[in-house]
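Subject: Structure handover

Hello,

Here is the structure I promised to pass on. Please look it over before reading my notes.

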Amino acid sequence: MDSTAGPVTLDYQTVSCSGDACPDPQGFTPELRLAGARRMGEVLMPALVAGYANARNLSAERVETDRDTFSYVLSDPESGIVSLRIDFSLSTSDGGIEALVTNEADMAFSVRPITREERDRGIDAGLGDLGAPERSRIVAIDAVVPVVSAAQDLHEITITDLIAAFSGDITNWSALGGPDEQLVPHLGTAGSADEEGFTGTVMNESGDELSPDILRHASPAGLLASIGHDPKAIGIASYQSYGDAHPLAVSGGCGLRIDATLETLKTQDYPLSMPLFLYMPMRRVPPVVTDFLDWLRTQPAQFVVRRAGFVDLGASRIPIDAQGHRFVNAIAAADPESGLVELQRLVDGLGDKERLSLTFRFEQGSTDLDALSRSNIFQLAREIRDGQYDGATLLLVGFTDGRGPAAANKALASARAQAVLEQLIAALGGALPRTVRVRTDAYGETLPMGCDDSRWGRQINRRVELWIGD
């Protein structure tokens with residue numbers, strides 16, 4: 001109910017109510033208002049709603065209002081009793097969080113983390129700290145990927161050059177090692193999936209502005225068709241949505257490069273990966289909504305995520321013989337003396353194990369885990385409780401960037417691995433089950449994923465990996 005202090009939720013069974021305005025619990029229909037980015041609201045969230053309805057033996061009827069406004073009505077197929085109505089309002093991440101702050105939505109979905117200013121506005125509005133771990137849920141992983149025509153003889157690009165191409169600082173392909181031809185950047189319209197993802201993930205992080213000379217397209221298909229047939233074009237696409245265009249790897253000045261793959265998105269080794277958030281205020285919700293949120297973490301929900309064309313949060317195994325590129329890069333970057341010795345120790349310690357895709361990284365300049373890593377902690381705790389790793393030994397392995405003395409970096413990597421272990425134990429209620437063993441180790445700067453000459457490269461190098469062995 002509304003009050004002078006804002007919306008107040010009460011348990012109907014614990015209070016009494018008199019007067020004509022009292023709600024009828026028999027006729028009450030739980031409602032959930034969702035608002036936010038089209039990238040999530042057009043396909044992913046409707047697919048998850050339909051998957052949840054199927055898992056709970058409910059029918060899901062979609063009621064259209066217009067392209068950006070629609071509802072799902074979940075009901076018992078036999079009695080017709082409605083269990084939940086979910087209203088969707090699609091715009092942008094900015095629009096969804098604004099709707100949440102102004103009480104026009106109950107939850108917001110976003111393709112970017114919430115900003116400090118938005119967190120402050122949420123606190124002022126009585127929603128609690130929307131940036132706190134319990135106030136957000138990551139439902140899937142996406143990515144933005146630079147694309148060019150297949151006729152363009154380019155296979156990789158640095159993030160610095162990518163920013164320069166879209167800010168207008170680079171206007172000729174010769175600056176990227178190509179022919180002496182005009183470089184033409186392409187993007188979707190303001191608020192489109194590729195534009196919003198690229199702006200939030202890359203341009204806002206660098207502080208650069210998009211060039212006014214960018215060619216805009218009303219649809220992803222139109223954008224990709226134009227890029228695919230124009231050797232002068234460069235554009236941004238969502239993961240696996242390339243059409244006739246050719247995706248570029250992201251590289252660094254030291255020669256390391258990373259392609260956007262299922263493996264590199266799950267591990268966050270690809271620097272332009274993009275967690276997809278669901279933000280929830282500090283407010284009680286109907287039990288059916290709580291059940292829906294809990295279901296989002298389950299394996300059936302992750303299967304729906306994959307079917308919808310996104311990257312799921314479930315852990316997958318990466319055999320060591322599938323990681324040859326990482327070891328080649330490590331050998332090339334290793335110090336001739338201590339570096340190669342430490343690399344040999346790494347091969348001895350991990351050679352008979354497999355890497356799990358769950359990886360843990362930290363906020364910029366902080367010892368706090370970032371949002372996706374916090375989600376990975378809960379995912380790993382759930383899988384341990386479900387017995388998925390019974391009889392196995394899990395190894396949390398810390399790594400750092402290459403700045404600073406090697407000994408100090410190894411000590412820092414060890415401390416980070418221990419911090420992840422402590423958070424995992426806390427998520428498990430204070431103790432590990434006897435059926436699984438978890439140890440820590442650290443190799444410092446031994447296995448770089450990116451180049452230390454950029455903030456992006458240093459960020460992906462600072463990580464704790466999860467390995468498994470019998």
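This is a predicted model: local features need pLDDT of at least 70, side-chain atom pairs count only at pLDDT 80 or more; totals for chains, interfaces and linings use all residues.

Residues are numbered from 1 along each chain as its sequence is written, and side-chain values use heavy atoms, without hydrogens and water.

The chain has 14 helices and 19 strands (DSSP runs of H or I, at least four residues, and of E, at least two, numbered from the N terminus). Of its 470 residues, 51% count as buried (under 20% relative accessible area, 1.4 Å probe, protein chains only). The C-alpha atoms fill a box of roughly 80 × 60 × 40 Å along the principal axes.

Now the sheet. It is open, with three strands in the order E7-E12-E13 and mixed pairing (strands pair if DSSP finds at least two bridges between them). E7 (156-158) and E13 (257-258) stand at the edges with a single partner each, so one side of each has no neighbour in the sheet. E12 (residues 249-251) runs antiparallel to E13, joined by two bridges. Ser-251 stands opposite Arg-257 in E13.

Last, the helix pair. H1 (residues 38-55) and H8 (residues 287-295) pack at about 110°, axes 11 Å apart (axes are lines fitted to C-alpha atoms over the stretch in contact, and angles run from 0 to 180 degrees between N-to-C directions; contact means heavy atoms within 4.5 Å). That makes H1 roughly perpendicular to H8 (65 to 115 degrees). Among the contact residues are Met-45 and Tyr-52 of H1 and Phe-292 and Trp-295 of H8.

Best wishes

Conventions
Angles under 35 degrees count as roughly parallel, over 145 as roughly antiparallel, 65 to 115 as roughly perpendicular and the rest as oblique. Buried means under 20% relative accessible area, exposed over 50%, partly exposed in between (1.4 Å probe, protein chains only).
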